[in-house]
Amino acid sequence: MRAECLRTIEEAALADARVVVVASDPGAGFMPELAKKYPERLMIEGVCEQGLVGMAAGMAAEGFYPYIVMIAAFGTRRCYEQLLLDFGLHGFSGCLVGIGGGFHYSVLGPTHVAVDDLMLTLAIPGSVVFAPAEPDEAITLTRCARDLRGLSYLRVSATTEALSNSGGQIIVGKGRVLDAPASVLFISCGSATLAAKKAAGALAQSGIAAGVLHLHTLKPLDVQTIRSCAEKANVVLCVEEHRRFGGLSGLVLQALADAGKPVTLPRFVSVGVGDDFPSGYGSYDDMARHYEMTGDALAERARALLSS
Amino acid sequence: MLGDEYVNCGSQPLDEKSLHLRRLVMRALRAADKGHVGSALSMIEIFRALYESVARHDPANPKWEGRDRIILSKGHGCLALYALLADQGYIDLAALDRFCERDALLGGHPERDPEHGIEASTGALGHGLPLAVGMAIAHKRKASGVRVFVVVGDGELDEGSNWEALLIAAKYKLANLTMIVDNNSEQISGSLDTVLPIEPLREKFESFGLITANVDGHDLASVVEALVRVSSRVQGPPAAVICHTIKGKGVSFAEQNPQWHYKRGLDPKTLAHLDEELASARQIGSPAGTER
């Protein structure tokens, strides 16, 4: 989805002089059409995350809309205070695009793997946090960000597959029910949804109906859909390429327990990364296997829960 | 490098207006019984230069799009900014009496409120300059004529984000950006030389491609002259005006005294001394140093 997201941003900047693309060091040949037609709208500032986020906020204060493109790990950690204060506290509008959120940079080790980007950006008051699963979502949410007030974070994952059914329209803050809730329900975000879909398919083949609720928007959270889906399930598996705390699982549990009218809590399992630095290297799939987040592993986990 | 030099920083007597503004600082300090007083008193003449002479602004129309942007990056020195904003009519004088109260307009650090002349929320250090760089880029692109002035502390320059921002500022040749350094040579734990040596600032700024000036930060005419000179340019690099100042300037027992960086719990005797020191124009304080 990276290419589609970046192309969408480039188109936005081509069409609107108030849109600027601010990037650290995105590689040669980045957004070539924009670089050729409107070079001043493409601001590549080098690896100075704090300086460039502060600068982007200053431009936002004066009416420009920055899409800030950085590797997810650095764009959320190195300049966190700039995101929190320069954008968040001031209420300035812009979109941080975190390239390679989740396991994408598995070969580069724990400095680059971003399994805390969602919790960091969720913690910024007033932020909007997106974790699309597929290119169409990335395109739509990238466009939508431009019309939102305040800071948006868009996690761009490595995956390129499309979801196999539509799950309805892509609307900011609305969950997509990809498979109808049943005794098993996967709730997922980002590219983990692709694995959840595969798990639901595998379970269906063995006669177990499983639902998939995909949340491309973690904030604002679609509490109503989470609650209505979970009420129909005996087992909920929350799946995220993220730490098991501070991200989707915590939000979902809070949605189920809060609002003064808690649902009867189903059996709940959180699938993700624990309190450790992701160890080893290898491919994206290797990392997914290590954390038992492949479709097969998730299906097996669901079967075990149902029979225990 | 501009050919300006300064001698005997802070040796000029403060005029009645500078004393009046310091009394406004003390009014807020007295009301809250706390505040970063030393850090504010070193900047009074810097803000006087900006608001009384150099910056284009209109207190009757605070959100005028064509106003020059003035950002206090070392937000803890906000009492100086508040004193000028009150004096200029951006805020009621009575707001000083509620400094740091629960629902007060004015808190211990500035919060963005263009209606009252405050452009940026600062307090965490190293944020004002990058913001100012972005604003200056925006106005250069708009060809609006708006200039951006950002006041930073010398201790604040420990923050690496400032140096990142200067790289960007030089790249975009932001003649409309002026960084003003409150160079009082002290931070809360002691002198900059002992905490984290940062001199020579001028050479550092020049190596980053900035045009620089060195002035006595309490000599209003010199500060005005330097600011007018660098901010009148429409092309060329950004500027740094290093204002050599005295922390706590105007109150003899507070000057260069780390105990007065942040002060709380003022007893009646100290308050009486403050009133006495700021009562009338006269020679106050001692020279902090001379040009290299």
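The predictor assigns the complex an ipTM of 0.96 and a pTM of 0.95. For chain B the mean pLDDT is 92. In that chain, 93% of residues reach 70 or more. One stretch departs from this picture. Over residues 283-292 of chain B, pLDDT stays under 50. Where pLDDT is low, the predicted coordinates should not be read in detail.

Chain A is divided into domain 1 (2-156) and domain 2 (176-307). Their C-alpha centres lie 27 Å apart. Across the domain boundary, 24 residues of domain 1 of chain A are in contact with 25 residues of domain 2 of chain A. On the domain 1 side, helix H6 (117-122), S5 and H7 of chain A each give two or more residues. The residues of that side comprise 15 nonpolar, six polar and three charged.

Helix H7 of chain A spans residues 135-145. Its buried residues are Pro135(A), Glu137(A), Ala138(A), Leu141(A), Thr142(A) and Ala145(A). These residues lie on the same side of H7(A), because they cover an arc of only 155 degrees around the axis. Their cover includes helix H1 (2-15), strand S4 (94-99), strand S5 (128-130) and strand S6 (151-156) of chain A.

The contact between chains involves 22 residues of chain A and 20 residues of chain B. On the chain A side, helix H3 (49-61) and helix H5 (80-89) are the elements that give two or more residues. H3(A) supplies the largest share, 10 residues. By type, the chain A side holds 10 nonpolar, seven polar and five charged residues.

The largest nonpolar core has 180 residues. Within this core, Val21(A) and Val25(B) touch the most other members. Helix H4 (residues 78-88) of chain B gives the most to the core, with nine residues. Domain 1 and domain 2 of chain A both contribute residues, so the core lies between them. In soluble globular proteins, nonpolar side chains tend to be buried together. Beyond four places in sequence, the contacts of Val21(A) are Ile9(A), Ala13(A), Met31(A), Leu34(A), Arg41(A), Leu42(A), Met43(A), Tyr67(A) and Val69(A).

Val271(A) is placed in strand S12 (residues 267-273) of chain A. Val271(A) is buried, because 24 other C-beta atoms lie within 10 Å and the cut-off is 20 or more. Not counting residues up to four places away in sequence, Val271(A) touches Leu237(A), Cys238(A), Val239(A), Glu292(A), Met293(A), Leu298(A) and Arg301(A). Arg301(A) is 30 residues from Val271(A) along the chain, and their C-alpha atoms are separated by 9.6 Å.

Several backbone features were also found. Most residues other than glycine have a negative phi, and most peptide bonds are trans. A cis peptide bond joins Lys219(A) and Pro220(A), with omega about 5 degrees. Pro220(A) sits in the loop between strand S10 (217-219) and helix H9 (223-230) of chain A. Glu199(B) and Pro200(B) are likewise joined by a cis peptide bond, with omega about 5 degrees. The loop holding Pro200(B) runs between helix H7 (192-195) and helix H8 (201-207) of chain B.

Asp33(B), not a glycine, has a positive phi of about 60 degrees. Asp33(B) lies between helix H1 (16-32) and strand S1 (34-35) of chain B, in a loop. Asp33(B) counts as partly exposed, with 13 C-beta neighbours inside 10 Å. Ser185(B) has a positive phi of about 65 degrees. Its loop links strand S4 (177-183) and strand S5 (186-187) of chain B. Ser185(B) is buried, with 21 other C-beta atoms within 10 Å.

Key. Residues are numbered from 1 along each chain as its sequence is written. Chains are lettered from A and ligands numbered from 1 in the order in which they are written. This is a predicted model: local features need pLDDT of at least 70, side-chain atom pairs count only at pLDDT 80 or more; totals for chains, interfaces and linings use all residues. A residue is buried if 20 or more other C-beta atoms lie within 10 Å of its own, exposed if 12 or fewer, and partly exposed in between; C-beta atoms are placed from the backbone. Helices (H or I, at least four residues) and strands (E, at least two) are DSSP runs, numbered from the N terminus. The arc is that of the directions from the helix axis to the C-beta atoms. Two residues are in contact if their C-beta atoms, placed from the backbone, lie within 7 Å. Ala, Val, Leu, Ile, Met, Phe, Trp, Tyr, Cys and Pro count as nonpolar, Asp, Glu, Lys and Arg as charged, and the others, Gly among them, as polar. Domain bounds come from an automatic or database domain assignment. pLDDT is the predictor's confidence in each residue, from 0 to 100. A nonpolar core is a set of buried Ala, Val, Leu, Ile, Met, Phe, Trp, Tyr and Cys residues joined through C-beta atoms within 7 Å.
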